[in-house]
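Dear colleague,

Please find below the structure that I am handing over to you. My notes on what was found in it follow.

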Amino acid sequence: GQPVLAVVGRPNVGKSTLVNRILGRREAVVQDVPGVTRDRVAYDAYWGGRRFTLVDTGGWEPDATGLQASVAAQAELAMQTADAVLLVIDATVGATATDEAVSKVLRRSKKPVLLAANKVDDDRLLADTASLWSLGLGEPHPVSALHGRSSGDLLDAILKAL
Ligand code: GDP
Ligand code: MG
């Protein structure tokens, strides 16, 4: 079958908005309330002449095990089932303890892991995204899923990884 890219990250960082941006249509559920996308939803994506499956994850709400354990479990699942993983960070917040925990999980991945710094709606946030190199996942790709900024560069990197 076609290659699978799993999109992971904390609630409300803009995973579903980014998925919609990549799909070029509104399908993934975007909500102002964190943790609304239930479980995992797969979509057929097409970019640069290539077809791949996009898996939007949600359900990272803190349950009995807490947010970090739930995030780590989603990351493990993504590593096992996808061909590449995209970790989305909210650049307006920066790397949180949960982002660092999930990065630690993803650094063990034998599959490619890409890092998107989302919500970079204007240049003022660009300089801050360099600090995300510290997550040990390689180059942070600044994007604004809402406005479409630089998502082409991220997509090119994704296609190289798939
Ligand atoms: P998810 O929980 O990670 O799937 O996040 P959503 O895609 O549901 O988005 C959560 C909130 O962040 C929504 O209010 C979005 O409109 C907002 N959002 C997503 N991407 C961006 C962005 O690039 N810039 C800004 N300013 N807001 C964004
Ligand atoms: Mg979502």
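The buried residues of helix H3 are covered by elements that include S1, H2, S4 and S5; contact here requires C-beta atoms, placed from the backbone, within 7 Å. This is a predicted model, in which local features need pLDDT of at least 70 and side-chain atom pairs count only at pLDDT 80 or more, while totals for chains, interfaces and linings use all residues. Residues are numbered from 1 along each chain as its sequence is written, and chains are lettered from A and ligands numbered from 1 in the order in which they are written.

The residues of H3 that are buried (20 or more other C-beta atoms within 10 Å of their own) are Asp99, Val102, Ser103, Val105 and Leu106. They line one face of the helix, because seen down the axis of H3 they fall within an arc of 155 degrees, taken over the directions from the helix axis to the C-beta atoms.

The protein has five helices and six strands, which are DSSP runs (helices H or I, at least four residues; strands E, at least two) numbered from the N terminus. Of its 162 residues, 40% count as buried.

Beyond its neighbours within four places in sequence, Leu5 is in contact with residues including Phe52, Leu86 and Ile158.

Yours sincerely

Key:
Contact = placed C-beta atoms within 7 Å. Buried ≥ 20, exposed ≤ 12 C-beta atoms within 10 Å, placed from the backbone.
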